[in-house]
Amino acid sequence: MQKPTLPKGTRDFGPEQMRKRLFIFNTIRQTFQRFGFQPLETPSMENLSTLTGKYGDEGDQLLFKLLNSGDFAAGLTDTDLQSGSKKLTPKIAEKGLRYDLTVPFARYVVMNRNALTMPFKRYQMQPVWRADRPQKGRYREFYQCDADVVGTDSLLCEAEIVLMIHEVFRNLGVLDFTLKINNRKILAGIAEVIGAPGQEGLLSVAIDKLDKIGKEKVLDELGERGFSETAVASLDPIFTFSNQNPDQVLEQLQTWLTASETAQQGIAELKETLQLVSQYGLVDSRVEVDPTLARGLSYYTGAIFEVKANGVSIGSVSGGGRYDNLTGAFGMPGLSGVGISFGVDRIYDVMEELNLFPASAGQGTQVLIVPFDSEARTVALPLLSKLRDANVASEVYPDLTKVKKMLDYANAKAIPYVVLIGSEEVQTGMLSLRNMITGEQKRATVEEILQLIQ
């Protein structure tokens, strides 16, 4: 007898959890649709050649690789087996589970470029997999909800992402959040100004860990990565911008990074984005300009976004950015895009911890019909059809059994209303409607029940 278990970092979702998750999915989907994005799905697996080299060295190490089917070891020599994983992997694994939804999207765009109307706006809501160490708020299988637009470099797209983020979280009831925004060109400019031009990739990887390991360890890591003591010391101003007005931060950055034309371009892009957001009329903006925001993925080239729910210990719940040449890896250079990704699993944990789910989000069946005998079913089943026609989630208890057992079933499923139908109800047409929350019970006709419940 084998004890059933789940792989680490994965979870089952029962009916109540799924109803809450669907509330999140539906809220995000409705926002995507209102902003003109079209739905898309891609396969769970991609060729490893599609995935590798797009996420940086650390990302590549977290790819789940799939062994080739059949006799995958056929033809391997002793030299192959002793050559190490980098040389051996292509011989035994040609495919991998997708790491995110952006790279598969870029692959799709290139493969279908002649059939797409540009700019192309798509949303995608599917699971992704990462061979990470499972911990609170971090799973090996989790869902992402992405919205991307490619084929334009207009900063209106960045502004719309800011608006979508505010709309999604406010519609979910997550009102206390911070949307951090930065630009990779600013990070490139910082690398130039501190005397490490072209090293913004290494700089970003280290700075991206600031929230997790703190300033001192970030500086230590930069030293270990080859940054000189002078360069590390010159970086100090970047840690002084927190919790300031976005305009103030941008002005200070403009002064500090005067010598970098690249940085000035990034600052100008952020200024224009925030001006556009203001023109849209966004009320109670939660935007914070954070020059330490790096986003670890290597394909970002412009604006980068990250959302943190305040008051909880869970990490970022949304992130994204501008990428100017992701499709270039697939033979279609120069196609700019920008996107945002919402992490459903982390959003769920935030809403559960803060008790933000509306009561209706976890509600399944609203009415249980309890027929006492076969004759009562002749009244119960037509009533069931009328309730469902009126879009009321309802069911009939399938077995003819003790009333207590049927009521216990209603309580166990938190069904708020029960309709009791016995011989008297059949004869008179006056049915018994019980409110399982208050215990109140009244006699009512079918039409009155429909009005009371809706």
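1. Strand pairing at Met 45. The bridge partner of Met 45 is Leu 97, which belongs to strand S4. Strands here are DSSP runs of E with at least two residues, helices are runs of H or I with at least four residues, and both are numbered from the N terminus. S2 and S4 (residues 95-97) are joined by 3 bridges in the antiparallel sense; two strands count as paired if DSSP finds at least two bridges between them. The open sheet has 3 strands in the order S2-S4-S3, with antiparallel pairing. Its edge strands, S2 and S3 (65-66), each pair on one side only.

2. Basis of the model. The structure is a predicted model, in which local features need pLDDT of at least 70 and side-chain atom pairs count only at pLDDT 80 or more, while totals for chains, interfaces and linings use all residues. Residues are numbered from 1 along each chain as its sequence is written, and side-chain values use heavy atoms, with hydrogens and water left out.

3. Confidence. The average pLDDT of the chain is 89, and 94% of the residues score at least 70; pLDDT is the predictor's confidence in each residue, from 0 to 100. Where pLDDT is low, the predicted coordinates should not be read in detail.

4. Domains. Domain 1 (11-164) and domain 2 (367-453) are given by the domain assignment of the chain, the bounds coming from an automatic or database assignment. The C-alpha centres of domain 1 and domain 2 are 46 Å apart.

5. Nonpolar cores. A nonpolar core is a set of buried Ala, Val, Leu, Ile, Met, Phe, Trp, Tyr and Cys residues joined through side-chain atoms within 4.5 Å. The largest has 99 residues, and those with the most contacts inside it are Ile 28, Phe 169, Ile 190 and Phe 342. Helix H7 (residues 156-172) gives the most to this core, with 10 residues. A second, separate core of 17 residues includes Val 367, Leu 383, Ile 421 and Ile 449. Beyond its neighbours within four places in sequence, Ile 28 is in contact (heavy atoms within 4.5 Å) with Met 125, Cys 145, Val 168, Phe 342, Val 344 and Ile 347.

6. Helix H7. Of the 17 residues of H7, 12 are buried, so the helix is largely enclosed by the rest of the structure. Buried means under 20% relative accessible area, exposed over 50%, and partly exposed in between (1.4 Å probe, protein chains only). Among the buried residues of H7 are Ile 161, Val 168 and Phe 169. Just after H7, Gly 173 takes a positive phi of about 90 degrees.

7. Helix H6. In helix H6 (residues 102-111), 8 of the 10 residues are buried, including Val 103, Phe 105 and Arg 107. The buried residues of H6 pack against S2 (45-47), helix H2 (48-51) and strands S5 (120-129), S6 (141-150) and S10 (318-323). Pro 119 is found in the loop between H6 and S5, and the peptide bond from Met 118 to Pro 119 is cis, with omega near -5 degrees.

8. Backbone points to inspect. Asp 284 is not a glycine, yet has a positive phi of about 55 degrees; this residue lies in the loop between helix H14 (261-280) and strand S8 (287-289). Ala 414, also not a glycine, has a positive phi of about 55 degrees and lies in the loop between helix H17 (403-412) and strand S14 (417-421).
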